Amino acid sequence: MSVPLFNLAPNLTVSRLCLGTMTFGEQNSLPQSLRLLDQAFDAGINFFDSAEMYPVPQRAETQGKSEEYFGQWVRKRKISRDRVVIATKVAGPSGQMSWIRDGPKCLDAKNITEAVDGSLKRLQMDHIDLYQIHWPDRFVYSSYPLSISPGDSLGLWTCHFKTNYVPMFGETEYDPVRQFSSVPIEEQLDALGRAVDAGKIRYIGLSNETPYGVMKFLHFAENNVHYPKIISVQNSYSLLCRTFDSGMAECCHHERIYVLGYSPLAMGILSGKYFASDGAPSDARLNLFKGRYSEGESRYSLARNTLKLATMEYLGIAEKYGLHPVSLAIAFVLNHPLVASTVFGVTKSWQLEEVISACNVELTSEIIVDINKIHAKFPNPCP
């Protein structure tokens, strides 16, 4: 059974399953990572996602290992570059990862240029197929400074544009009071366009974005031939998180932007393992990194009653129709007409087998009706 393909852009055909590499270098050693990549590739997966900050939980000692491992796999296996599609990401402003360009503090031209070159060096490749902004420069952690000194190497832009933060990673409400210095989207597109012109990246995309962000990136690209147009948005999408359908779906539909839905299993919750009698294996991510992975623990809090109730009902649907819970979760995401591929992560071979088996499952109208009834009762417990 081969993984189906999707034409994401001209001369960019991707598998509908995209193997995320954020466990490579932390939960998975190099030999383990190479075996998982072999297995995925042999099954027909040609699409792989990484990020400069990976693996997670992020640490200075391991930063960049995920990209390095993927690059080593391509070289060790002597895989022709045109047989794989690699997507990676530049980290947005954080203030918490001082080992990545002092924060990073902002997504100005200097940061984007350095990030692109850093990823290419770790991957040991001459180009990246899809380069994504991991989260908007409009997002801010509480430690983010209110002013940033200018002086990027291109001498074109500064970081003094005032705008609002973006709620994400579990936040859902926009607060216009919270403002900070941010980089104009035009500057980001200019830097990305220069990388495209230099042959370093082929296409660009966004991640963890809002309808406003998507439309602004498109607007500026439409009005300047030197700015590349985004082709995709990588946002969370699963049975437990359908916030994409609220406002983003309309934007993407009319603008022909495809979705790369990440976390289709809601960090493994939809497999049912965390609500088993033994409380999931000790090496399951939410157990293994308890107290060390704030984004995961807040967004996918097992203590949230609605999360458990919704999950148990989805598990009941899987049992009712004789489906594996993983098959139900993956098939639901791939059933969305705007989803080009779903970005998933695994640490073990048998987990990868479960996901691969799910990609050709088709959901009947009766199953969709049952799913929507649960969603109406428990909307987006993991936003």
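# A guided tour of the predicted model

The crossing of helices H1 and H11 is right-handed. A crossing has this hand if the near helix is turned clockwise from the far one by less than a right angle, and is left-handed if the turn is anticlockwise. Helices (H or I, at least four residues) and strands (E, at least two) are DSSP runs, numbered from the N terminus.

Residues are numbered from 1 along each chain as its sequence is written, and side-chain values use heavy atoms, with hydrogens and water left out.

**Stop 1: H1 and H11**

Select residues 30–42 for H1 and residues 349–358 for H11. The axes of these helices lie 10 Å apart, and the packing angle is about 20 degrees. H1 is therefore roughly parallel to H11. Axes are lines fitted to C-alpha atoms, for helices over the stretch in contact, and angles run from 0 to 180 degrees between N-to-C directions. Angles under 35 degrees count as roughly parallel, over 145 as roughly antiparallel, 65 to 115 as roughly perpendicular and the rest as oblique.

Next, display the side chains: Leu36, Gln39 and Ala40 of H1 meet Ser349, Leu352 and Glu353 of H11. The residues of this contact of H1 with H11 comprise three nonpolar, two polar and one charged. Contact means heavy atoms within 4.5 Å. Ala, Val, Leu, Ile, Met, Phe, Trp, Tyr, Cys and Pro count as nonpolar, Asp, Glu, Lys and Arg as charged, and the others, Gly among them, as polar.

**Stop 2: H5 and H6**

Move to helix H5 (residues 211–222) and helix H6 (residues 248–255), whose axes come within 9 Å and cross at roughly 25 degrees. H5 is therefore roughly parallel to H6. The crossing of H5 and H6 is left-handed. H5 contributes Pro211, Val214, Met215, Leu218 and Glu222 to the contact, while H6 contributes Met248, Cys251 and Glu255. The contact of H5 with H6 holds six nonpolar residues, two charged residues and no polar ones.

**Stop 3: the backbone of the loops**

Most residues other than glycine have a negative phi, and most peptide bonds are trans. The following selections depart from that pattern.

Select Val56 and Pro57, which are joined by a cis peptide bond with omega of about -5 degrees. Pro57 belongs to the loop between strand S4 (47–49) and helix H2 (65–76).

Then select Gly103 and Pro104, where the peptide bond is cis, with omega of about -20 degrees. Pro104 sits in the loop between strand S5 (85–90) and helix H3 (109–123). Asp102 is also found in the loop between S5 and H3. Asp102 is not a glycine, yet its phi is positive, about 65 degrees. Its relative accessible area is 55%, so Asp102 is exposed. Buried means under 20% relative accessible area, exposed over 50%, and partly exposed in between (1.4 Å probe, protein chains only).

Ser263 likewise is not a glycine and has a positive phi, about 55 degrees. This serine is in the loop between strand S11 (258–262) and helix H7 (285–288). With a relative accessible area of 15%, Ser263 is buried.

**Stop 4: individual side chains**

Select Arg285, which is in helix H7. Its relative accessible area is 14%, so Arg285 is buried. Residues up to four places away in sequence aside, Arg285 touches Met22, Thr23, Gln27, Met267, Tyr274 and Tyr293.

Glu68 comes next, in helix H2. A relative accessible area of 25% makes Glu68 partly exposed.

Finally, select Ser182 in strand S8 (residues 179–182). Ser182 counts as buried because its relative accessibility is 1%. Its side chain makes a polar contact of 2.4 Å with the side chain of Asp137. A polar contact is a pair of N or O atoms within 3.5 Å; within protein, one must be able to donate a hydrogen and the other to accept it, and residues adjacent in sequence count only if both atoms are side-chain atoms.

**Stop 5: the whole chain**

Clear the selection and view the protein chain, which has twelve helices and twelve strands. Of its 383 residues, 59% are buried. Among its contacts between residues at least 6 apart in sequence, 76% join residues at least 24 apart.

Notes. This is a predicted model: local features need pLDDT of at least 70, side-chain atom pairs count only at pLDDT 80 or more; totals for chains, interfaces and linings use all residues.
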